[in-house]
Amino acid sequence: MDPKLLLLALLGVFSLSQAQLEENECIKANAKSCGACIQVGEKCGWCTDPDFLKEGESTSARCDEVESLVKRKCAAASIENPRGSLQVTQNKNVTNRKDKDKAEKLKPDEITQIQPQKLSLNLRSGEAQQFTLKFKRAEDYPIDLYYLMDLSWSMKDDLENVKNLGTDLRRRMQDITSDFRIGFGSFVEKTVMPYISTTPAKLLNPCSTDQNCTSPFSYKNVLKLTNEGERFNQLVSQQQISGNLDSPEGGFDAIMQVAVCGDQIGWRNVTRLLVFSTDAGFHFAGDGKLGGIVLPNDGKCHLENNMYTMSHYYDYPSIAHLVQKLSENNIQTIFAVTNEFQPVYKELQNLIPKSAVGTLSSNSSNVINLIIDAYNSLSSEVILENNKLPEGVSISYVSHCKNGVSRTGEDGRKCSNISIGDEVTFDVAITFTGCKPNEKGALEKKPETVRIKMQGFTEEVEVQLKFICECDCHKAGINNSQICHFGNGTFECGACRCNEGRIGQKCECSTDEVRTEDLDASCRMENGTDICSNNGDCVCGTCECKKRENPEERYSGKYCECDNFNCDRSNNKLCGGHGRCECRQCICDANYTGSACDCSLDTSTCLAKNKQICNGRGTCECGVCKCTDLKFQGATCEVCPTCPGVCTEHKECVQCRAFGTGEKKETCERDCMYFHLEMVKSRDDLPQPGSVPFISHCKERDANDCWFYYTYAVKNDTSKIVHVVETAECPDGPDIIPIVAGVVAGIVLIGLALLLIWKLLTIIHDRREFAKFEKEKMNAKWDTGENPIYKSAVTTVVNPKYEGK
């Protein structure tokens, strides 16, 4: 076998074992009781049948996947596999009001936006319990808005524009809700150096001498939440600007008090908005050291006569502390700040859930539009959150938002672009990882409560969690049972849960006796030195076999001498995949034999197309043909690469027996009597395919170039029949006269053709010569001029006086 293929096969087996190990954690957990077993995972079950364990198996072998227990012959009625459950205890429908002007006005506690409200869950370890939360943003939902304003000197112009905020904002909010309340508070800074000047004159008037300012203060609750807009305007008009020395303000002190002083502020269980208006930065935890203040902020209410009295005692709160208190009190924050400090508060927005940042004009003239826009932005996004989860409990969300959009992970908590009246759902899954043993060793976990709510809303879902720590059969356990070695354990769920200091399947041994030589002797085979065959541990004189990484592989036997994985393999399969391994020997299925069950007794795989076993050329062994004639090969000995064709192989014998010719005509009686010969008159009389199981049609030529036709057929294993056409087809002799005449005619025609060609070439040559002569004649010059050496005999004299008269 190719080494590479062998390596890949081994790697495949290893990967399979690892995959099985990962899938089946029940065996790996080594659970000694039913309660411990069901904590491993949701697939684990416990067999309570007292006779379930085989010799050598430990108590933990009762814990396995339910399907595996059934395969191991544990009756379904004997399998403990408790399941979790879910019950909805309060399920009030979400409020549905289509026309708020005509509908009866509801109190805040009569409006429902989240459904259901209470659930009870029984949690089994590893098994998730799922339920669906529905959220609908209610129409005409009440709003409480608290305006917290920086009254340092730089905000003087802004105060003038805020004086009419109450009535103007109330008028604009009528489009959103008919139940709107507004409150007002202000802040400056801690009243200690170096934040303010502590000279007596500056404590009275921190501004310049020509400006009339009020004394500095940390935080003041000017007006608790009210639906009287005119009163808001009246009290704000009476406010005066103050001053401080440094640029950052003490706004965090003020936000903390607004969040935790619910009674003084007047918060209701409705939408709570905090508008924080400033044109400066902020101090946070640690900055108090500049004024000698080192005590961390305690996050409690310290308002006396609506004034924060502990600013000189407690440091500024940290951002995380603010986030916690704002979230606990369901307050959504709107930071209305100038353009200069936009980047700072944008970073702060990323840290504070359900917060928004708006750009405040230099004199706060746009504050109403800013509040409306920020509110619409905050209310259009819903985010689920839960309180701190109990140990071992996890929760996951899947959101189903508008337009069929679904999200998972952290995005599964959110839905955006939610308008009034829109309805969205969230799938919630809660999972538990297992109970812990108490001081007495019993598994337990007290009930817990998880609260789920939408950020910025006071409504919540209360989820009561109860945990399945023990099996039902645990309740029927018999303490100090005589079955467990004279009362040394509790007999429950078909097995003994031993008392402290006792071990063994029946608690028959104390921990002090486990390794004594006398007990070890009973764990050795006769004439053997290995304890439990090195495959187990000797516990109280009895072998408890080790477990394999692959839970399907097990040791067994009194001395752990047997196993179900060390049998012979075939095709990389244990017992060839046709049997089971018991005590290192294959027990084969029907129709299979051999040490690896790799020998099939079925001969159907050896049948050839002619219905013969191995084409009559071999024997069928283990479902495979073994060819007796080494020339043949193939699945049914049908291929002979080195053999001539059937027709060529039998040609000489057919020729000698049918026609008395050929190379074997002298030895025909000796070599060619192995078939039965039948002569037929014509080729049409030869047997056709299908009439005989195995037949070959042959056409061969003899020494006289005559063609003879025959068929070779095989019947059964030995009967061979040859049908031969009695007359061979020989070619006729040539006709001499036409051949001679043709040759003579050919020669004559070739001669005539050659003469004609010669004559034609001669004519062409003559014509070319004559044309050349004519051309040269035309080009001659001597016949058109005088001969330079010629002297005429006539002399002509001209009279110069003769004028032609």
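Predicted model: local features only at pLDDT ≥ 70, side-chain atom pairs only at ≥ 80, totals over all residues.
**View 1. Asp-179 and its partner Arg-268.** With a relative accessible area of 13%, Asp-179 is buried. Its side chain meets that of Arg-268 in a salt bridge, 3.1 Å from N to O. The two sit 89 residues apart, Asp-179 in the loop between α6 (165–173) and β9 (180–187) and Arg-268 in the loop between α10 and β11. Salt bridges with shared partners join Asp-144, Asp-179, Arg-181 and Arg-268 into one network.

**View 2. Arg-268 with Asp-144.** Here the N to O distance of the salt bridge is 2.9 Å. Asp-144 belongs to strand β8 (residues 143–150), and 124 residues separate the pair. Asp-144 counts as buried, at 0% relative accessibility.

View 3. Glu-127 pairs with Arg-83, their closest N and O atoms 3.5 Å apart. Glu-127 lies between β6 (118–123) and β7 (129–136) and Arg-83 between β3 (79–80) and β4 (85–90), so the bridge ties together parts 44 residues apart in sequence. Glu-127 counts as buried at 11% relative accessibility, while Arg-83, at 36%, is partly exposed.

**View 4. Inside the largest nonpolar core.** Among its 37 residues, those touching the most other members are Leu-145, Tyr-147, Met-149, Leu-165, Leu-169, Phe-184 and Phe-232. Helix α13 (residues 367–379) gives the most to this core, with 8 residues. Beyond its sequence neighbours within four places, Phe-184 has contacts including Tyr-146, Val-162, Asn-221 and Gln-239.

View 5. Phe-252, Asp-253 and Gln-257 are among the buried ones.

Conventions. Residues numbered from 1 in each chain as written. Heavy atoms only, no water. Buried < 20%, exposed > 50% of the residue type's maximum accessible area, 1.4 Å probe, protein only. Helix = DSSP H or I, 4+ residues; strand = E, 2+ residues; numbered from the N terminus. Core = buried A, V, L, I, M, F, W, Y, C linked by side-chain atoms within 4.5 Å. Contact = heavy atoms within 4.5 Å. Salt bridge = Lys/Arg side-chain N within 4 Å of Asp/Glu carboxyl O.
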